[in-house]
Amino acid sequence: MALADIDDVKRSLGRSDLSSAEEGEVRRALESAEEWLTRVLRQDFSESAAATAKLYDVVEDAQVRVPVECSSVTAVRTYLGPNSAAITLTSGTDYEVIDKRVVRLRPNLTVSPFEGALAARRLETYARVEIDYTPTGTVPAPVRDAAAELAAALWRQGPQRSGGVSSERMGDYSYTVRPEALGGAFASAMRLARSYAGLRVAVT
């Protein structure tokens, strides 16, 4: 699945007047940027079948992310221990979906130690949280922008240089991503895409 297209790279370059030869070079740079990002992110953004994300050792008031943007979250289950039974949470009460990827867990931290009294209890940690979701099957905008920025940086370096790219065969160019040579462009691209590199748990 293509992560970006040549128009995305042109926008990143701020140019719409590329020659045919330049467009060919940009396409090769984009292919290399996409190949590199695909290896780093390890995500299939074209997948749209229902899936389950599993996260471990999650504090019960955490915000958890599924790997890719989803069109819906259909169920959230928690497990207090490795062999304990699943507790199915209720949407809107026990959890809420706050964007296309993030699920906020909302535990009830109030207990009644005896009749007429209320007290706050300590946070627990779930051994496992499972989230059933349906991916959108589309490339997220931050990943598209990252691919375009990397491709633009590779093309600016030029295949004849030894900086961010290298020329590996006669008659055509093969761009190779070298993060240390792309500097700010590489850092900017990774800031855009890094949250899609596998599952992450953010605690608020």
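**View A. Arg15, a partly exposed arginine with two partners.** At 27% relative accessibility, Arg15 counts as partly exposed. Keep in mind as you look around that this is a predicted model. Arg15 forms a salt bridge with Asp17, and their closest N and O atoms sit 3.0 Å apart. Asp17 itself is exposed, with a relative accessibility of 53%. Now look for Glu22: its side chain also meets Arg15 in a salt bridge, this time at 3.4 Å from N to O. Glu22 has a relative accessible area of 21%, which makes it partly exposed. Why count both contacts as salt bridges? The cut-off is 4 Å between the side-chain nitrogen and the carboxyl oxygen, and the values here are 3.0 Å for Asp17 and 3.4 Å for Glu22.

**View B. Arg11 and Asp8, a pair within helix α1.** Here the side chains of Arg11 and Asp8 meet in a salt bridge, 2.3 Å from N to O. How far apart are these two in helix α1? They are three residues apart in the helix, which covers residues 6–13, so about one helical turn separates them. Is Asp8 buried or exposed? With 10% relative accessibility, Asp8 counts as buried. Arg11, on the other hand, is exposed, and its relative accessible area is 59%.

**View C. A salt-bridge network that takes in Arg11 and Asp8.** Let's step back from that helix pair. Which residues belong to the network? Salt bridges link Asp5, Asp8, Arg11 and Arg144. The general idea is simple: side chains of opposite charge can pair when their charged atoms come close. Across the model, the count comes to 13 salt bridges.

**View E. Strands β3 and β9, joined by eight bridges.** Zoom in on β3, which spans residues 70–79, and β9, which spans residues 125–135. The two run antiparallel, and eight bridges join them.

Conventions:
Residues numbered from 1 in each chain as written. Predicted model: local features only at pLDDT ≥ 70, side-chain atom pairs only at ≥ 80, totals over all residues. Heavy atoms only, no water. Helix = DSSP H or I, 4+ residues; strand = E, 2+ residues; numbered from the N terminus. Buried < 20%, exposed > 50% of the residue type's maximum accessible area, 1.4 Å probe, protein only. Pairing = 2+ DSSP bridges.
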